[in-house]
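Please find below a short note for your file.

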Amino acid sequence: MAKKKPIDWRLVPAPESKDHVRIDPQYELFVGGKWQKPKSGTYFDTINPANEQRLARIAEAGEADVDAAVKAARKAYDTVWSRMPAAERAKYIYRIARLLQEKAREFAVIESMDGGKAIRESRDVDVPLAAAHFFYYAGWADKLNYAFPGKSVSPLGVAGQVIPWNFPLLMAAWKLAPALACGNTVVLKPAETTPLTALKLAELLQEAELPDGVVNVVTGAGATGAAVVDHPDVNKVAFTGSTGVGKLIQRATAGSGKKLTLELGGKAANIIFADAPIDQAVEGIINGIYFNQGHVCCAGSRLLVEESVHDEVVRKLKHRMRSLVVGDPLDKNTDIGAINSKEQLVTITKYLKAGVADGAELYQPACDLPAKGYWCRPTLFLDVAQSARIAEEEIFGPVLAVQTFRTVDEAIQKANNTPYGLSAGVWTDKGSKIFNLTSKLRAGVIWANTYNKFDPTSPFGGYKESGYGREGGVHGLGAYLNLN
Ligand code: NAP
Ligand code: MG
């Protein structure tokens, strides 16, 4: 009898179409409502990290360009935006939200091409949440007095906003929506590796007929960000990025009178108790660290598991990891897309070596990786010592460090044993344990029996070296207002 051919369980490729997407060969700076060439004439490439091909040439803004952007923002602030009735401002912000929904597919595809994230994420998370932020803050624009009863509120002026590459459009929305709702004007600096959706958003703002200069987009690298932060006519600096750069910015703005919010790194612990619904927890852990290639500040990069269920949790995690699809970000089946840049892949690889050198046991499922582009298999480290670098430092990649605990106090002590304090997760059947832990964990956001859930109504931000100030919700308004 002929032997039966083994069944091929691999998924058939299901790539999202790129036909509806327009990416120009070259982008200029968006200053005063117009596309302006950089004064130095310098451009850099933004590439697709999944195939290393250039997507577009991007203008690099120098100090003179940043100065022109701040002047345009100041003029728009003085002559138009701060004088406009708040209900009118709200209409523009609603219009931005609506246009973003209309163009959601194009934004999602460009986000995945420029940054490497799986289309499932950009389509279902980044773009809808970005639109939701504009809707939410549009609603607040003419109700600011109700947000802060007994206080008189006024806008700050010109906001300089510098954002990272892991959620390029969403971070732009988090920054722009509250700033505009409160009556400020903006100079926005997207990350060097992911400028495209911010530039597409600038096109959208033109279509929304937002008055010239209310939002200016200056592309470039760190020096451009520093020029925005250091500009003397900026009244407020909002930064999301690494703790290292956050500290530089804190120093640069000290004594300047500029209002500052910092959203920095994280090293979150997901804590699983023996009484947790284990299958659900495993799915949450997977989502918490492998989602978006682990390029998530609040990623659950440490797993603290109660000793009695350690073996079961690890067995189930490994099983689930074997079914994760790594590859083409535009494929709708993909769970883990490309690492954002060559530099970030070098950083992650360095930590994989450090984990092994520090004595942890490495597990990666066997899976084929594309020949070109930057990729990292989902990685699990077992038996991680508290002193290991992979337990202490932010990796910003799909790498999970597993440790065990025996008592609630030990779990709390280990979870808090980090210079960061952005987020944490608790998995248990007992409400009392949830309340106990949430009051003792030093983290800005704590999820219980879920992970990585975001909503514009909910404030987000860190303790300790994860930064200060809150974005989102009513709290997010306070960061863009004088309250007297
Ligand atoms: P990064 O290197 O700090 O960069 C963030 C932004 O700052 C980029 O636009 C960057 O420009 C710019 N920049 C670099 N040096 C600067 C300087 N001296 N002055 C002003 N701006 C400067 O961070 P990243 O590597 O892009 O992003 C990853 C980090 O962001 C992680 O640590 C992550 O945890 C954190 N993050 C935090 C949150 C949060 O909400 N807490 C959210 C997302 C990410 P380039 O274009 O040259 O990079
Ligand atoms: Mg890119």
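The points below concern a predicted model.

1. Metal site. The magnesium ion (ligand 2) is held by Thr-46 (OG1), Ile-47 (O), Asp-114 (O), Asp-114 (OD) and Thr-193 (O), at distances of 2.2 to 2.6 Å. Along the chain, the donors of this ion are spaced as T-I-x66-D-x78-T.

2. Reach of the site. Ile-47 belongs to strand β4 (residues 43-48), while Thr-193 sits in the loop between β8 (185-189) and α7 (196-207), so this pair ties together parts 146 residues apart in sequence. Ile-47 is partly exposed, at 28% relative accessible area. Thr-193 is also partly exposed, at 22%.

3. Salt bridges overall. The whole structure contains 27 salt bridges. One network of them links Arg-22, Asp-24, Glu-106, Lys-200 and Glu-203. Within it, Asp-24 pairs with Arg-22, with 3.0 Å between the closest N and O atoms. Asp-24 is partly exposed at 23% relative accessibility, and Arg-22 is partly exposed at 43%.

4. Asp-142 and Lys-143 form a salt bridge whose closest N and O atoms are 2.9 Å apart. Asp-142 has a relative accessible area of 38% and is partly exposed; Lys-143 is partly exposed at 35%.

5. A buried pair. Lys-175 and Glu-471 form a salt bridge at 2.6 Å, N to O. This pair links distant parts of the chain, 296 residues apart: Lys-175 is in helix α6 (residues 168-181) and Glu-471 in the loop between β19 (467-468) and α16 (473-478). Lys-175 is buried, at 0% relative accessible area, and Glu-471 is buried at 7%.

Methods: Residues numbered from 1 in each chain as written. Chains lettered and ligands numbered in written order. Predicted model: local features only at pLDDT ≥ 70, side-chain atom pairs only at ≥ 80, totals over all residues. Heavy atoms only, no water. Donors = N, O, S within 2.8 Å, 3.2 Å for Na, K, Ca; no water. Helix = DSSP H or I, 4+ residues; strand = E, 2+ residues; numbered from the N terminus. Buried < 20%, exposed > 50% of the residue type's maximum accessible area, 1.4 Å probe, protein only. Salt bridge = Lys/Arg side-chain N within 4 Å of Asp/Glu carboxyl O.
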